[in-house]
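The exercises below ask you to read local features from a model, and each one is followed by a worked solution.

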Amino acid sequence: MAEQSQQVEPQKASAGKEEKKWYDRIKIGGYTQFRQSAGLSGDVENLSSPGDRSIEEDTNFYIRRARLVFQGDISDHLSLYMQSEFANGTVGVRDMYGDIYFDKKKEFRIRPGLSKIPNSFELLQSSRDRLAFERADPLASGVRNERDTGVFFYWTPEHVQKRFEFLKKDLKGSGDYGVIGFGAYTGQGLNQSDKNDNVHLAARVTYPFEFSNGQFFEAGFYGYTGRFVPTVATNVAAGILDKPTFDSKGHRDTRVGLHAVLYPQPFGFQTEWNWGKSPQLSSDLSRIESDDIHGGYVQAMYKIDGSWGTWIPYVKWQRYDGAEKDSVNAPFSKVRETEVGVEWKYWSGVELTVAYANMERTNVRTLKHVNDANIMRFQLQWNY
């Protein structure tokens, strides 16, 4: 009888160690941003931004983003990430990629699929974590929607993986896009097919330094190059009576940039700047040509943890002179903008942001330049 009981025990132990199926490892999450904007003074009627339609005339309550994320480790060498978008009255795919790891420490990986381009800090930082209402135009105009289809290589040493994880969780970091990242992508934008059988090349190097007092500071540089095919059309309201001519093989589209981030512990500072060439509508509105772009932003913030939750007041200033290549006819855009706001988080999963902005920007639809407009914006965000 003793021998029989000894034979049964290993079978019970084996049954208890049954591995989970791949779908049991999938996690579901996401966030929603609900906005309301109010014009205070200035030329609010003609105000427009490629990134935020809530500031436009005759817009009241507005769902800026509604994301649902599926992610998980399928095996020791494969992770999946899928993100869908339900805002603006449409349903679309924002991310659809797999991370394929070459080693058990997960220091070396490739990422094929639809994903963010290794680029600036703010473009890689999730909108869930960003303080300002929108990404700065000087950076977003290079990779609008931050994503494209391609394949990228990332290298992140094990100790830096832990830093990136901590910074994203507690200090609004960008996440792990490698100490070194590079690759190739279509170059025509999110969910757009290729138009010239040509790829863009991108590369990024960044490093999060940790000082002896626990303060984190990150700095890096990045760039991309390729040829971009613009979309053209007549626009009578803007004075474009004939479609502008352009090179069907694309125009030179290249940028380099720098970023530096002192994480808010409690004071923080963040800045980025980039320079390059981009397809742009000529001054006589007749053709597309590659022209100079330059611009960037600076942002200061202060993190306050107390009995009334976490408060992060901030101020952000940006300027941009260059094309909006993803807009029809790739018009020139001039932006000067100052935003002052505060993010408040009292309950877990719920955040409220209130901000005032003084804007000087070009309406890329009408080509009318708004010299001065003042608005208030309110955003309620819930995470799940």
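The structure holds 5 cavities of 30 Å³ or more, a cavity being a set of points on a 1 Å grid over the protein atoms alone where a 1.4 Å probe fits but cannot get out; points are joined across faces, edges and corners, and a volume is the space filled by probe spheres set on them. This is a predicted model, in which local features need pLDDT of at least 70 and side-chain atom pairs pLDDT 80 or more, while totals for chains, interfaces and linings use all residues. Residues are numbered from 1 along each chain as its sequence is written, and side-chain values use heavy atoms, without hydrogens and water.

**Exercise 1.** Determine whether S84 is buried or exposed, and what S84 touches.

Solution. The relative accessible area of S84 is 16%, so S84 is buried (under 20%; exposed is over 50%, partly exposed in between, with a 1.4 Å probe and protein chains only). Leaving out residues up to four places away in sequence, S84 touches A66, R67, L68, G92 and R94 (heavy atoms within 4.5 Å).

**Exercise 2.** Find the cis peptide bond.

Solution. The bond joins Q265 and P266, with omega about 0°, whereas most peptide bonds are trans.

Note on methods
1 Å grid on protein atoms, 1.4 Å probe; cavity = no way out; pocket = protein on both sides within 12 Å on 5 of 7 lines; lining within 4 Å.
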